[in-house]
Amino acid sequence: MARRTSASRQSVAVTVRDDRFFDARHFPMGVVIRGDRGSTLRSVNRGAGIDLSRLPTHVACVMDGNGRWAQARGLPRTEGHSAGEEALIDTVEGAADIGLKWLTVYAFSTENWRRPPSEVRFLMGFNESLLVRRSQELHERNVRIRFVGRRDTRVPKRVQARIEEAVELTAANTGLTFTVAFNYGGRAEIVDAAAALVRAGVGADDVDEASLAKHLYDAQMPDVDLMIRTSGENRVSNFLLWQMAYSELVFTDTLWPDFRRDDLFDAICVYQARDRRFGGLNR
């Protein structure tokens with residue numbers, strides 16, 4: 001097992017999925033790298049090495065692997081979604097505890113309507129009941145809840161009502177902004193923003209990044225600094241395409257129901273060890 005080698009905030013032990021893809025020169029002094037193809041992003045210090053002065057502003061998470069988690073246990077896929085609730089709440093609370101400002105999760109995509117109708121019905125009901133059960137709890141932790149995605153007729157009115165209630169309840173909170181991408185697609189968001197520009201009468205010569213960004217689902221949302229995807233899949237799946245232009249990407253084999261705040265902390269440690277240049281050169 002990797003061990004902490006210093007009491008410094010910068011001293012972090014990181015296990016990577018395949019050390020062939022990592023070069024120790026890319027990590028600052030004090031970061032201990034261990035290659036272990038059996039697991040990913042495991043650090044013994046569990047958050048102690050995070051530099052709280054250099055937190056990413058916005059972390060996004062693709063919560064993947066619920067179905068595989070259930071199937072591996074001989075359970076219906078829907079049981080995996082239910083098990084993912086504990087992972088979600090622990091991750092949100094962990095993010096709030098360390099002072100993260102924005103956390104966005106991919107709850108239901110525009111492509112998820114292609115899943116079996118029974119699973120779609122379950123997800124609609126599950127998200128509704130989750131809002132009913134957890135909104136007050138998150139409100140008491142000063143978490144601001146927001147949603148991004150299309151509000152079309154496929155989303156049941158009762159679910160839309162719960163969404164509006166959660167947003168209104170927590171609107172004045174000043175802690176973590178927890179955004180749920182629901183009936184969301186990155187391409188759809190860009191198309192909808194472009195359509196809004198046309199409706200607003202903006203001329204072609206006046207269209208730029210700033211004008212389009214004002215018409216995204218949440219114009220206040222900052223760019224994503226770190227995107228985490230669980231379950232070993234290495235793709236972004238149409239998630240926050242505009243906002244993730246310069247995101248650092250971290251992929252872990254951990255299935256979402258097994259993900260906890262410690263996994264979030266480990267990913268942040270990896271993020272802090274990277275050299276972000278945004279197309280330029282660091283001096």
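Modeller: In this predicted model, helices are DSSP runs of H or I with at least four residues, and strands are runs of E with at least two; counted in this way, the protein has seven helices and eight strands.

Colleague: Why are α2 and α3 called roughly parallel to each other?

Modeller: The axes of helix α2, residues 77-98, and helix α3, residues 117-140, cross at roughly 25° and come within 11 Å. Angles under 35 degrees count as roughly parallel, and α2 and α3 are therefore described in that way. The crossing in which α2 passes α3 is right-handed.

Colleague: What makes up the contact of α2 with α3, by class?

Modeller: Residues of α2 including L88, I89 and V92 meet residues of α3, among them F122, L123 and F126, where a contact requires heavy atoms within 4.5 Å. By class, this contact of α2 with α3 has eight nonpolar, three polar and seven charged residues.

Colleague: Which residues have the most contacts inside the largest nonpolar core?

Modeller: They are L103, F178 and F182, in a core of 44 residues, to which helix α7, residues 261-272, gives the most, with seven residues. Leaving aside neighbours within four places in sequence, F182 is in contact with residues including F108, M124, F147, V155 and I163. Apart from this core lies another, of 13 residues, with A60, A181, M227 and L240 among them.

Colleague: What share of the residues in the protein is buried?

Modeller: Taking buried to mean under 20% relative accessible area, buried residues make up 49% of the 283 residues in the protein.

Technical notes. Residues are numbered from 1 along each chain as its sequence is written. This is a predicted model: local features need pLDDT of at least 70, side-chain atom pairs count only at pLDDT 80 or more; totals for chains, interfaces and linings use all residues. Side-chain values use heavy atoms; hydrogens and water are left out. Axes are lines fitted to C-alpha atoms, for helices over the stretch in contact, and angles run from 0 to 180 degrees between N-to-C directions. Angles under 35 degrees count as roughly parallel, over 145 as roughly antiparallel, 65 to 115 as roughly perpendicular and the rest as oblique. A crossing is left-handed if the near helix is turned anticlockwise from the far one by less than a right angle, and right-handed if clockwise. Ala, Val, Leu, Ile, Met, Phe, Trp, Tyr, Cys and Pro count as nonpolar, Asp, Glu, Lys and Arg as charged, and the others, Gly among them, as polar. A nonpolar core is a set of buried Ala, Val, Leu, Ile, Met, Phe, Trp, Tyr and Cys residues joined through side-chain atoms within 4.5 Å. Buried means under 20% relative accessible area, exposed over 50%, partly exposed in between (1.4 Å probe, protein chains only).
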